[in-house]
Amino acid sequence: MGVLDSELTHLALCWRVERRDGVAVGLTAHDRDLLVDGVPHRAAPGVTPSAVVRSDGLEADTMDVAGALTADAIREDDLLAGRWDGARVTVFAVDWRDPRARVDLGSGTIGAVETGDGGFTAELAGSTAALDRPVAEETSPECRAELGDARCRVAMTGRRRFARVVAAAGAAVTLDAAEPVANAYGGGRLRWFGGEDAGMTRAIARSDGATVTLRSAAPAAAAGTLVEVIEGCDKSIATCAQRFGNAANFRGEPYLPGIDLLTRYPGA
């Protein structure tokens, strides 16, 4: 007899989250911990999924999971640091009397995450969400390649450097080595090799001398923490040609007239 076949069901919702760094967390809406497939699923009061909608059409299957932030399972600083971005989530129901009886409800990856009032809401996108992606690139005045990838072809040798943190305040991180050229790390990445964010990568908004400004607040980092800074690109044709000498591989249309062409007039 299946989980849903009996007249009186004993269902408990469970979800397993596997982060990209290999950390796996099991949670359940039951009032006590459950052991499912050898993985402990901790009771998480207040963690509830929205209606689970599954279809056989081409529409993207999505659902939301809302819950409270807890110190031992899902912390706010981990969410803000991006540790849960792209994590794989499996949602299923089990018979809490015998967790071996299981019904899969869906799976997907974590998309947008919102925090507030001591809780969080995470959107789960199913496999059909990939069908919403465009099949052809849209034109853009900026380059659509990433610096150093197969389409850009800029050699990153010498453009990745190790440095030590001198000070970190807010989004500003001061290093013990200055940038090679003005705003060399703007649009690049900073990877932590120590401290609370060890192994995480943060996007750099801009750099000035020995200071890089991240796109989000920097974690608490002690002086001397080792980091790797990777050069970036503002994706303009001028930077591509002058700084990298790579205009031949520019993946954009900087001279293509835009939709404002008809509204232009002499002297504008």
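Modeller: A polar contact is a pair of N or O atoms within 3.5 Å; within protein, one must be able to donate a hydrogen and the other to accept it, and residues adjacent in sequence count only if both atoms are side-chain atoms. Here, the side chains of T239 and S236 make one of 3.1 Å.

Biologist: What kind of model is this?

Modeller: This is a predicted model, where local features need pLDDT of at least 70, side-chain atom pairs count only at pLDDT 80 or more, and totals for chains, interfaces and linings use all residues. Residues are numbered from 1 along each chain as its sequence is written, and side-chain values use heavy atoms, with hydrogens and water left out.

Biologist: Which helix holds T239?

Modeller: Helices (H or I, at least four residues) and strands (E, at least two) are DSSP runs, numbered from the N terminus. T239 lies in α2, residues 237-242. The chain has 2 helices and 15 strands.

Biologist: Why does T239 count as buried?

Modeller: Buried means under 20% relative accessible area, exposed over 50%, partly exposed in between (1.4 Å probe, protein chains only). T239 counts as buried because its relative accessibility is 16%. Of the 268 residues of the chain, 34% are buried.

Biologist: What does T239 contact?

Modeller: Contact means heavy atoms within 4.5 Å. Leaving aside neighbours within four places in sequence, T239 is in contact with C233, D234 and F244.

Biologist: And A12, in which strand is it found?

Modeller: A12 is in β1, residues 11-18. A12 counts as buried because its relative accessibility is 4%. Its C-alpha atom is separated by 5.5 Å from that of H30, 18 residues apart along the chain. Not counting residues up to four places away in sequence, A12 touches T28, H30, L34, F92, A93, V94 and W96.

Biologist: F92 again: what sits over its ring?

Modeller: A charge sits over a ring if NZ of Lys or CZ of Arg is within 6 Å of the ring centre and within 35 degrees of the ring normal. The charged end of R102 sits over the F92 ring, 3.9 Å from its centre.

Biologist: How many residues has the largest nonpolar core?

Modeller: A nonpolar core is a set of buried Ala, Val, Leu, Ile, Met, Phe, Trp, Tyr and Cys residues joined through side-chain atoms within 4.5 Å. The largest has 13 residues; V173, L175, L190, W192, V212, L214 and V227 have the most contacts inside it. The elements giving two or more residues to this core are β10 (160-169), β11 (172-175), β12 (189-192), β14 (211-214) and β15 (226-230). Apart from it lies another core of 10 residues, among them V25, L27, V89 and V91.
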